[in-house]
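Good morning, and thank you for coming.

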There are 4 protein chains.
Amino acid sequence: MAVRAAVAGASGYAGGELLRLLLAHPEVEIGALTGNSNAGQRLGALQPHLLPLAARVLQETTPEVLAGHDVVFLALPHGQSAAVAEQLGPDVLVVDMGADFRLTDAAAWERFYGSPHAGTWPYGLPELPGARAALEGSKRIAVPGCYPTAVSLALFPAYAAGLAGPEAVIVAASGTSGAGKAPKPHLLGSEVMGSMSPYGVGGGHRHTPEITQNLSAAAGEPVTVSFTPTLAPMPRGILATCSAKAADGVTAESLRAVYEKAFADEPFVHLLPEGQWPATASVHGSNAVQVQVAYDADAGRIIVISAIDNLTKGTAGGAVQSMNIALGLDETTGLTTIGVAP
Amino acid sequence: MAVRAAVAGASGYAGGELLRLLLAHPEVEIGALTGNSNAGQRLGALQPHLLPLAARVLQETTPEVLAGHDVVFLALPHGQSAAVAEQLGPDVLVVDMGADFRLTDAAAWERFYGSPHAGTWPYGLPELPGARAALEGSKRIAVPGCYPTAVSLALFPAYAAGLAGPEAVIVAASGTSGAGKAPKPHLLGSEVMGSMSPYGVGGGHRHTPEITQNLSAAAGEPVTVSFTPTLAPMPRGILATCSAKAADGVTAESLRAVYEKAFADEPFVHLLPEGQWPATASVHGSNAVQVQVAYDADAGRIIVISAIDNLTKGTAGGAVQSMNIALGLDETTGLTTIGVAP
Amino acid sequence: MAVRAAVAGASGYAGGELLRLLLAHPEVEIGALTGNSNAGQRLGALQPHLLPLAARVLQETTPEVLAGHDVVFLALPHGQSAAVAEQLGPDVLVVDMGADFRLTDAAAWERFYGSPHAGTWPYGLPELPGARAALEGSKRIAVPGCYPTAVSLALFPAYAAGLAGPEAVIVAASGTSGAGKAPKPHLLGSEVMGSMSPYGVGGGHRHTPEITQNLSAAAGEPVTVSFTPTLAPMPRGILATCSAKAADGVTAESLRAVYEKAFADEPFVHLLPEGQWPATASVHGSNAVQVQVAYDADAGRIIVISAIDNLTKGTAGGAVQSMNIALGLDETTGLTTIGVAP
Amino acid sequence: MAVRAAVAGASGYAGGELLRLLLAHPEVEIGALTGNSNAGQRLGALQPHLLPLAARVLQETTPEVLAGHDVVFLALPHGQSAAVAEQLGPDVLVVDMGADFRLTDAAAWERFYGSPHAGTWPYGLPELPGARAALEGSKRIAVPGCYPTAVSLALFPAYAAGLAGPEAVIVAASGTSGAGKAPKPHLLGSEVMGSMSPYGVGGGHRHTPEITQNLSAAAGEPVTVSFTPTLAPMPRGILATCSAKAADGVTAESLRAVYEKAFADEPFVHLLPEGQWPATASVHGSNAVQVQVAYDADAGRIIVISAIDNLTKGTAGGAVQSMNIALGLDETTGLTTIGVAP
């Protein structure tokens, strides 16, 4: 018996990637597809890479259209998910790919998003301690942000094991799809090709409180986060370079041992062999995470670097993985660890 | 009962893409993997995107290593396939991803490759007239070149229907993976990013006789081909812009009708709706072919443009598609028409 | 005594490139800078690469603002130049970087642009036969389109020498800056990186009649043009692959001799040594044109390939070159043949 | 009277960029050009963007060839400069673009380069405190590494003013030209396009001790450096994201004031207006440095981000700037602050 899934916001990059994955998911049947400004258009014109859905026409995002599905994925601008979820009722699995329900701290939400806090849903990063249990059987999932996915997976083992000091410094490079499909001058190909540039510097990026929340939970104490995102000249991928002071007594061997243990049973997170470093191309289109660690004795710091596909593990793949858990399916169903490279 | 497949030449781009596809093929079990200069290395170091095979170690390309498989794929430098195939015996399906057995004209082979002609095998472009019948049950398959795949699919319907004059003019842009993984200065990222450049101009490219062979066969008379390949700043993809004089009486409608009919039942070749043009990104990592046609009344020419992924439909996907036919499997097994975009 | 120059439309790519060149021009003093929707903004925010002009503020495009200059460059949407030029009076050198005054055939203008024809000004492609004489002392210059620059320079010698048949087939790849700075979804970096796609196929591109005009003039008889532009994943550059049937008796040697003679005294157009092919990276930011020729005996065609920077020789550099001629300056003043590579 | 300059190592990226700048330098006449493995080749085949030098032929790097010049630039593999410089004698200005004479600490040299220390020459980063005085009249110049240029300019004002704690954390992204022109598999266009990856993680990069040296000198006390370089999918440019704990009492205003003062009279280093962030595209091909600062009160850190062109200010432009000072020319002669964008 197939799981019937609707996607609200099917014309954007997150929605497109989700549909790409759902098309390959053996248990899912794709139901209603909606898009606001694009309602009435053929999906083939908006997502020309999704050939099997080319003839589908986008509908308006209304309760009637979204009714009658087992799962509804929301890829909507922030602030809209709560109302839609309420209309869908408590028995439908609602997977919010937006930010609305990620934060536990209402004050942090209001400071960074400037609107009332809608609440907190089980957090869709299964690899975090305790996350799987919260997702099992849940009817609500808050899919993490792309940067928090890359950064939290890189650093939580160090914090959980007490290897890292309470001040994390993170510089991450993202492909341009992370900025969405709405056309803006600085996202033009002419502007981004051949250019690296930062944005949201100095703590201003909205993913900062989410990263802080995850690392603090892993550490069991407050962690401060210096997070600098940069825009890289590539369509997909995040490379997160994360570091913190090493706790007393940390060695390269103890650091590596902690990470080997942390990811030993994880289907999607791979600690690379020594000497090999993550590359975003290697996880292009896959739900895999590549991680490598280093201990810099001169600087007294641990450095952990992760690579993900921002649209797959960072958004739509993470959503499917969490949906699988919530529905009691095998967590890896419909997902791959094989990248499309070169 | 799984089909056991070996891959000779698993460290290059063609071999890597083939393994990516075979990993997703429900009927195939991956057997021996060989590589000459890279024998003894972990595949994870050479193809870091193929995580499920990371621990596999490349072996030497010897008859002993390749023995005991149902299918052997050869991704070898040209000139080597005949000897390997002979050693494997007549009962093993040998799929040559190199050029050795593509041409029917020994003189053309010798002129373009400068070595004795090894022979001709059934040609692995199933969409061409008569090709499927030749592939069914065959134990030998010559996988087409990437450019001939893109160009032949674009133009054969026009030639078969008598709509195109006998002089085809083709300009194609290819991603850099088409030039292989051997490091050469002009293929460095520093050189190719931001640059378009031609090569093999004036008929010198080795794919020219293969294109000529296919179009002439479709036309039932000799077609001359002016073929100019260009190197584009992208890793994958071919965009082929193909044109010829329109035969008397051709109209935009008659042209379109011929193509609609030609591809109506093809699982991988898609004539786009009017007004939409192929883009290589849309077929990234997929076995799909996007085609669009135009009739330029002022110039009296028909223009047909196709987009493929040079590594998928243009090489490894075409190989798997033809293998499926040869083995009696559904032709689409293990292959997708969904691209990874953006 | 400096030439005082105003630029109307200083916030776009053509205007920015023009300012980059004028800043290096020893005889020019940069006067008023205007931009419509961006009036009031600092140029540093719009063109952050032009540091010496960072503090300049864009003004409205009005006759008052543009008054009092020796030269006024117009980088405006088509249809607006005639009115502005009239207001400026006959003694000011007006250099129109738009399309309004390029075509001699009013019917062709109306067919392709859908508005009344404004007239014809001396055509700013000095290398064409007779063009320099028309530009000397002129107070009006129509700067050619970027594609017509690349294509006309590639093919006019063959047509002028009677080497090429009357049906030219042209496929050109352009960097994305040719599509301008107005944000549109298909020009997003996420869309263009990794993708080649055609547009304006089948004769629909507005540069087609301009190319036809130039080649027909060189041939002294009507030439028909099949022109297919494609969008390449790079910010700048045009690679034009141009071919035509070879006239009877053409040889590789006679073809090369014609091009050697045609460009022998040209400061910006370089016939490359045999065996070397144009690359857009080599002319990045320069006013140089790289050209190479081939005779394909099998196909009976001549192939000429040119590379330019669409913003420099294709737009702003061509404008400055023509301005130099009109003002009686050395044609190469302020221009370079040195590219920025890699 | 022109300065006659020779370039040893003219076939690589550093040598090519140097020639590009020297061609535009009004006081320099380009003399001998040498290259080891490429001796005997036309420069036009190796550096096709340098049209005015296309006919020049590379010579062997011998004392005889390099004799008779006022300035000799060395773009050689490390370890070779000392012997060449000795042969040239004390009256020739020798500008070493390699690493041999950058470090003052012989032990650091030996640890990172594994060979005996050749000595220390005046350091060609004029913006550092005291650097100009040491360069004036000098006959020997050690050109800084590209990363140390970007990082030292970003952080030295904070350290000199006592605003930054003694542990700097730096993550920098570089275009691929920084890795040179020798073809290696991981530098192929197919590998780098669409990919971000780190290297030399954990303190292993050879630029680490040079950065440490510069920041410690500015601070007047030892600074430890955590430096992570990453390879970005672009040919040129470095974006350096640098941070350190803020000293007590630092505010956004005091931080900005220090940087305004530090760069107020610098011709090439530009503190951007508040709200605008550096982008490597803006300094493409220019000697300019874009810098922006932020104070993150939550994290208690200062963040300074700089963008340079690794080949221009990061290598060849810095060399010319220092040469100008050594020769008593205006420091900016032949150099520009105008980038080639988009």
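A residue is called buried when its relative accessible area is under 20%, and exposed when that value is over 50%. Please also keep in mind that the model before you is predicted.

Let us apply that definition to chain C. Is C:Asn310 buried or exposed? Its relative accessibility is 0%, and C:Asn310 therefore counts as buried. This residue sits in the loop that joins strand 12 (301-308) to helix 11 (312-327) of chain C. What does its side chain do there? The side chain of C:Asn310 makes a polar contact with the side chain of C:Ser177, at 3.0 Å. If we set aside the neighbours within four places in sequence, C:Asn310 is in contact with several residues, among them C:Cys146, C:Gly178, C:Arg236 and C:Thr315.

My second residue belongs to chain A. A:Gly9 lies in the loop between strand 1 (3-8) and helix 1 (13-23) of chain A. With a relative accessible area of 11%, which is under the 20% limit, A:Gly9 is also buried. Beyond its neighbours within four places in sequence, A:Gly9 is in contact with A:Gly15, A:Thr34, A:Ala75 and A:Leu76. For A:Gly9 and A:Asp265, which are 256 residues apart along the chain, the separation of the C-alpha atoms is 34 Å.

I now turn to the interface of chain D and chain C. How many residues take part? On the side of chain D there are 30, in contact with 30 residues of chain C. The size of an interface is often given as the accessible area lost when the parts come together. Here the buried area is about 2400 Å², and carbon and sulfur atoms give 64% of it.

Helix 1 (13-23) and helix 2 (43-46) of chain D each supply at least two residues to the side that touches chain C. Helix 1 of chain D gives the most, with four residues. By class, that side of chain D has 15 nonpolar, 11 polar and four charged residues.

Finally, let us compare two copies. The same surface serves both copies, as 100% of the contact residues of chain D recur in chain A.

Note on methods:
Residues numbered from 1 in each chain as written. Chains lettered and ligands numbered in written order. Predicted model: local features only at pLDDT ≥ 70, side-chain atom pairs only at ≥ 80, totals over all residues. Heavy atoms only, no water. Buried < 20%, exposed > 50% of the residue type's maximum accessible area, 1.4 Å probe, protein only. Contact = heavy atoms within 4.5 Å. Buried area = accessible area lost by both parts, 1.4 Å probe. Nonpolar A, V, L, I, M, F, W, Y, C, P; charged D, E, K, R; others polar. Polar contact = N/O pair within 3.5 Å; in protein donor to acceptor, adjacent residues only side chain to side chain.
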